[in-house]
Amino acid sequence: METRNLIAGRWTDISSSGSLEVVDPASDKVIARVPMCGASEALSALNSAYEFQPEWEATPPAQRAAVLHATAKLLVARKDALARIITQECGKPLAEAAGEVQYSAEYFLCAANEIQALNEMEVALDRPGVRGVVRHRAVGVCAAITPWNFPLAMLARKIAPALAAGCTQLAKPAEETPLSAFALAEILLECGLPPQCLQVLTGDAKSIATTWLMDGRVRKLSFTGSTETGRLLLRQCAQEIVRCSMELGGHAAFIILADADLQLAVQGALQAKFRNAGQTCICPNRFLVHENIASEFTARVAVAAAQLKIAPGMEADSKIGPLIHDAAVEKVRAHVADALARGGKLVCGGRTKEIPDRPDRFYEPTVIANCDPSMLCFEEETFGPVIPIMSVSSEREAIEVANSSPFGLAGYVFGGNDKTTLAVAQQLQCGVIGVNEAVPSNARAPFGGVKWSGFGREGGVWGLMEYVTTQYLAVRSLDK
Ligand code: SIN
């Protein structure tokens, strides 16, 4: 398992200020030490990426795509080993981690296909003798700053389109989960990526980001993380007018209409809510259920939630792994305590499960009824396995409550009639919506939010377009 940084084409463990520990959240054991880089390493990485940028951009798209195709293949071939790395550093159950590897591979496949389909276009000008030509150029050196909850996939969906478009890439993975990033970099190199194309650094996020963003040579930042950090980065990007994609906090509503298929809604709620123990940006946080079916839904979802196996992700059949760290557990505790203090009714869960010799980080799937918008869990994302349920009397009320949040990443609507369900879905102020579908994410489709959840899209042709600039040439040809 690689634990060094990839800087200027070489694996290196030299850093200005020591090392960082990578800890398995399910055991508290230190599984690796990685370099603690700062401004000087960030600058070396940037120099190298900048130097190689013209060469990579000039590499024919089919050749770039071949590297990405090979990477997708190798990711799938090494799925089990990669899944173990993901589970070890971020805690999610192995089956989910394997799904994340597959999802990552699909971003590489998709970017490889999209770049080969991106052609020059002609614009019909109303000017005799002049041709309008529109082409796409690589944005330039790109930076990616990624979170711990999908340590492989969040990087894949930034790196794949950047490399496809002809951009060199600087990557700073989350300090909790750098090992998946190193594993991905190793695979890319094995598949023929020229080493200077990708630089992977761990360390002091603030100095690394500041060095990159204030330099003037980085032309694009793609960030996935909190809205608070996104704002800080946006301020820095303003200085050099760095183009940005921001995938920030979510706070999804899960609306269940009166005529919904309850079985489907219960299954969907479990699937959407308990992915990665609720630590997914598109996890539903506010369940808005029609009053006619609210008690039946509550009872059924609680019975099903209480049966989910809580265990370290490495154990067979684990469905709920540990939360990432103690601060995450404290946040869930605070949200649950606040909801109960404000009149919420605990239906199941509401505490951590004791597992011998394991840290107190396994939070039970929790269902709380009688919730309302005054509660903390309705104000901000809990990032834990909690289903807070509010009953609503109409579709209008559900839409109003859903849209009252400043966040707008994802939403879900479950209903028995396509026309009404879609009509409700289309009124939600968010970028990704599941309609009787609990897992809307797909590497071929656009992923991203509105309002405080950010802007820019990842996936499909939309993800690729974030890494190209459109160049227009008005050409008067003098050739005979
Ligand atoms: C995220 O948590 O932002 C990623 C979720 C997904 O891609 O499904």
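1. The ligand lies between two domains, because domain 1 (5-248 + 453-473) and domain 2 (252-442) both give residues to the shell around it. Keep in mind that this is a predicted model.

2. The shell itself is worth a look on screen. Its residues are Tyr103, Asn149, Phe150, Met154, Arg157, Glu247, Arg275, Thr280, Cys281, Ile282, Ser441 and Phe447. By class, 6 are nonpolar, 3 are polar and 3 are charged.

3. Arg157 places a polar side-chain atom 3.0 Å from a ligand oxygen. For Glu247, a side-chain N or O atom is 3.1 Å from an oxygen atom of the ligand. For Asn149, the corresponding distance is 3.3 Å. The protein buries 100% of the 260 Å² that the ligand exposes when taken alone.

4. Now the domains. The assignment gives domain 1 as 5-248 + 453-473 and domain 2 as 252-442. Domain 1 is therefore written as two segments, whereas domain 2 is written as one. Their C-alpha centres lie 31 Å apart. Across the boundary, 25 residues of domain 1 are in contact with 28 residues of domain 2.

5. Which residues have the most contacts inside the largest nonpolar core? They are Leu75, Phe108, Leu188, Ile255, Leu288, Phe297 and Val301, in a core of 135 residues. Domain 1 and domain 2 each supply at least three residues to this core. A separate core has 24 residues, including Val141, Ala143, Leu201 and Ala209. In soluble globular proteins, nonpolar side chains tend to be buried together.

6. Leaving out residues up to four places away in sequence, Leu288 touches Ala253, Phe254, Ile255, Ile256, Phe378, Met390, Val392, Ala398, Val401 and Ala402. One of these, Ile255, is also among the residues with the most contacts inside the largest core.

7. To recap, the ligand sits between domain 1 and domain 2.

Note on methods. Residues numbered from 1 in each chain as written. Predicted model: local features only at pLDDT ≥ 70, side-chain atom pairs only at ≥ 80, totals over all residues. Heavy atoms only, no water. Near = heavy atom within 4 Å. Polar contact = N/O pair within 3.5 Å; in protein donor to acceptor, adjacent residues only side chain to side chain. Areas by Shrake-Rupley, 256 points an atom, 1.4 Å probe, with all protein chains shown as cover. Nonpolar A, V, L, I, M, F, W, Y, C, P; charged D, E, K, R; others polar. Domains from an automatic or database assignment. Core = buried A, V, L, I, M, F, W, Y, C linked by side-chain atoms within 4.5 Å. Buried < 20%, exposed > 50% of the residue type's maximum accessible area, 1.4 Å probe, protein only. Contact = heavy atoms within 4.5 Å.
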